[in-house]
Amino acid sequence: MKFELKSKFRPTGDQPEAIKQLSENLKKGVKDQVLLGVTGSGKTFTLANVIQKIQKPTLIISPNKTLAAQLYQEFKEFFPNNAVHYFVSYYDYYQPEAYIPRSDTYIEKDAKINEEIDRLRHSAVQDVTLRKDVIVVASVSCIYNIGSPQNYENISLEIKLKQGIKRKNFLSLLANLQYQRNDIDFKPGCFRVRGEIIEIYIVTGEKILRIEFLGDKIEKISEAKPGLAQKYKSLGPKTKIFPAHFWVTPQDKLEIAIGNIKLELEERKKQFKKQKKLLEAERIGQRTNYDLEMLKETGWCHGIENYSSHMEFRKPGQAPFSLVDYFNYFNPEGFLMFIDESHISIPQIRAMAVQDRIRKETLIDFGFRLPSAVDNRPLKFQEFEKRQKQTIYVSATPADFEKDKSKNNIIEQLIRPTGLLEPKIEIKKTENQIKDLMQEIKKETAKGQRVLVVTITKRLAEEISDYLIEHGIKTQYLHSEVKTMERPEILKNLREGKYDVLVGINLLREGIDLPEVSLVAILDADKEGFLRNKTTLIQTMGRAARHPNGRIILYADKKTQSMMAAIKEINRRRKIQEAYNKKHKINPTAIIKDIRDWGFSKKEDVDLEFWQVNDKKLLEKEMKIAAKNLDFERAAEIRDLIKKQDSGENKK
């Protein structure tokens with residue numbers, strides 16, 4: 001399928017020129033460009049138009065999960081008939097494995113995996129392998145190792161009608177794909193067996209496959225959407241089942257990989273013994289042998305990614321396989337890459353491999369991991385650059401790196417379709433700043449408008465939030481410790497008026513679209529540094545640029561170089577915008593942006609769906625199925641719901 005852009009808007013302001021220049025440069029083969037677009041100028045709409053004109057698979061890299069979620073939502077609306085996906089780290093909480101020699105403290109890897117995000121990751125990768133009309137919105141975590149695309153493709157199981165295969169062998173193949181048999185708690189990544197019928201809950205959670213055998217042949221292949229009233233419909237003559245986990249290695253190669261791990265283990269033990277490190281030698285032996293036993297028995301083990309170089313037969317130091325490699329492998333003719341908020345995304349990508357190596361080397365030195373574990377890592381920056389194809393760096397404040405790399409291909413987009421200007425800026429002393437802030441907040445909330453308060457630490461964000469709540473102001477804080485899935489919901493609640501004030505640190509900067517926000521108050525604006533440099537200040541000020549009466553208050557006792565540079569740039573842009581409005585007789589108007597439900601904020605799984613069912617016969621049928629599957633707890637819940645509905649009808 002081709003990309004088909006759906007929107008009630010048409011390019012306006014300087015959008016048409018930006019779309020034209022970006023597209024023409026891409027067609028000419030220009031590798032690097034910069035889109036310098038101010039907040040509210042419709043950068044996402046510009047990029048969507050470019051995608052439609054160029055018609056290539058697209059990877060969009062965003063600096064964090066919240067911005068990625070917002071972009072995902074917007075692109076999904078622009079391209080409702082195409083494959084738009086969300087690919088971010090699947091951890092709600094992540095404590096990496098580490099060792100502190102000074103106190104002899106080993107910290108085991110502790111993580112809480114968000115199963116919904118894991119399913120979305122698999123869905124994204126599968127469509128990258130199958131489709132050309134695919135857009136993946138990812139966080140910078142997309143440069144981490146997810147296993148070989150070639151292995152992923154080769155181990156995938158293609159099944160056909162009338163295919164000759166024994167049922168027993170088919171079940172073994174499903175196990176090799178890391179699908180688990182579970183006849184009771186049927187969920188994504190599982191399969192269940194009922195006589196000659198095998199049902200497979202695809203790992204993406206999107207559908208259930210039913211394979212019906214007649215003797216040693218596949219007689220019928222059908223699919224159904226998960227839910228109560230499952231209606232199976234026949235599929236075509238063939239379908240493909242992808243692995244339930246990344247890092248799955250074909251069985252014939254797994255034995256070779258295990259052999260190679262054993263050789264490395266013996267070599268490492270010799271090194272430790274030669275150095276008279278007997279404790280480390282014993283430790284690495286016990287830990288690795290346990291993992292090898294798990295690999296032999298199940299084809300998988302906890303921490304399998306640490307053996308990824310062996311599983312993928314990579315040479316020491318060779319780059320791992322990331323999502324970028326999947327785009328390259330399945331799109332040899334090329335793909336588009338957009339790096340959103342490039343001024344922070346690029347430094348993050350540059351630093352990730354360095355930080356990872358420092359932690360791993362300590363684990364290796366003290367016998368917790370084999371030396372090859374260091375090759376389970378994110379891409380180094382040079383490796384990332386080699387894998388880039390045609391790239392557009394998107395930012396209101398591009399750094400020197402992007403500007404230099406793009407040379408003269410810097411396209412400015414400073415005009416907002418609504419004619420809105422950059423916000424007015426006021427500087428106030430820090431003395432009694434909280435008292436003054438309270439008064440300013442009350443002015444805005446009295447007009448039904450919202451306020452962002454930007455602090456410099458998490459603790460201060462929470463304390464100010466508590467203080468405002470005590471004084472009757474509907475307030476919520478937002479920082480990195482707030483769970484991934486809760487952040488978009490908090491922003492939605494602010495827009496809806498459930499909160500009037502949001503207090504945060506750096507999560508209230510790049511790309512957050514909040515048209516209802518009329519005031520951004522920046523505390524400690526004169527504390528020169530990362531959180532108060534020119535780039536950060538401009539980005540934070542931009543949060544008030546979507547409101548006709550947008551304004552900024554900088555609480556500071558002195559004017560730093562960063563403050564002056566940021567104010568100068570904001571005033572430059574404001575003059576250009578005023579001149580454009582005057583020439584075209586435009587009166588600035590408020591941005592109208594729908595308040596959307598984020599697709600992942602509510603759990604939509606089978607366990608919840610029966611509460612919405614009013615059909616008694618359907619409920620009774622589901623209760624019997626649950627009892628037959630020995631899921632008595634679920635059967636009892638449905639029984640109680642039927643009783644509740646019956647009693648409600650009797651009262652009527």
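Apart from neighbours within four places in sequence, Asn493 is in contact (heavy atoms within 4.5 Å) with Lys498 and Tyr499. The model is predicted; local features need pLDDT of at least 70, side-chain atom pairs count only at pLDDT 80 or more, and totals for chains, interfaces and linings use all residues. Residues are numbered from 1 along each chain as its sequence is written, and side-chain values use heavy atoms, with hydrogens and water left out.

Asn493 lies in helix H16 (residues 487–496). Helices (H or I, at least four residues) and strands (E, at least two) are DSSP runs, numbered from the N terminus. With a relative accessible area of 11%, Asn493 is buried. The term buried means under 20% relative accessible area, exposed means over 50%, and partly exposed lies in between (1.4 Å probe, protein chains only). From C-alpha to C-alpha, Asn493 is 9.6 Å from Gln476, and the two are 17 residues apart in sequence.

Ser172 has another setting. This serine sits in helix H6 (residues 167–176) and, at 39% relative accessibility, counts as partly exposed. Its C-alpha atom is separated by 62 Å from that of Ala566, 394 residues away along the chain.

**Helix H15**

Helix H15 (residues 458–470) has 13 residues and spans 19 Å from its first C-alpha to its last, close to the expected 18 Å. The expected span is 1.5 Å times one less than the number of residues. Ala461, Ile464, Ser465 and Leu468 are the buried residues given for H15. They cover an arc of only 105° around the axis, so they lie on the same side of H15; the arc is that of the directions from the helix axis to the C-beta atoms. The face turned away from this buried side carries the exposed residues Arg459 and Glu470. The buried residues of H15 pack against helix H14 (433–446), strand E22 (475–478) and strand E23 (501–504). Just after H15, Gly472 has a positive phi of about 80°.

**The seven-stranded sheet**

Seven strands form an open sheet with parallel pairing, in the order E3-E8-E2-E17-E18-E1-E19. Strand E3 (83–87) and strand E19 (410–413) are at the edges, each with a single partner strand, so one side of each has no neighbour in the sheet. The twist averages 20° from one strand to the next. Helix H4 (residues 115–130) packs on the sheet, where H4 touches E3 and E8, and its direction makes about 135° with that of E3. Axes are lines fitted to C-alpha atoms, for helices over the stretch in contact, and angles run from 0 to 180 degrees between N-to-C directions.

**Strand pairs**

Two strands pair if DSSP finds at least two bridges between them. Pairs from this sheet and from other parts of the chain are listed below.

| Strands | Sense | Bridges | A residue and its partner |
|---|---|---|---|
| E2 (58–62) and E8 (134–139) | parallel | five | Ile61 and Ala138 |
| E12 (197–201) and E13 (208–214) | antiparallel | five | Ile200 and Leu209 |
| E13 and E14 (217–224) | antiparallel | seven | Leu209 and Glu223 |

E12 and E13 form a hairpin with six residues between them, and Gly205 in the turn has a positive phi of about 80°. The hairpin of E13 and E14 has two residues between its strands, with Gly215 in the turn at a positive phi of about 70°. Strand E24 (residues 517–522) has six of its six residues buried, so E24 is largely enclosed by the rest of the structure.

**Nonpolar cores**

In soluble globular proteins, nonpolar side chains tend to be buried together. A nonpolar core is a set of buried Ala, Val, Leu, Ile, Met, Phe, Trp, Tyr and Cys residues joined through side-chain atoms within 4.5 Å. The largest one here has 53 residues, and Leu59, Phe87, Val136, Leu323 and Phe384 have the most contacts inside it. Helix H7 (residues 251–274) gives the most to this core, with six residues. Not counting residues up to four places away in sequence, Phe87 touches residues including Arg121, Val136, Cys142, Ile146 and Leu323. A second, separate core has 34 residues, among them Val50, Phe75, Phe79 and Val84.
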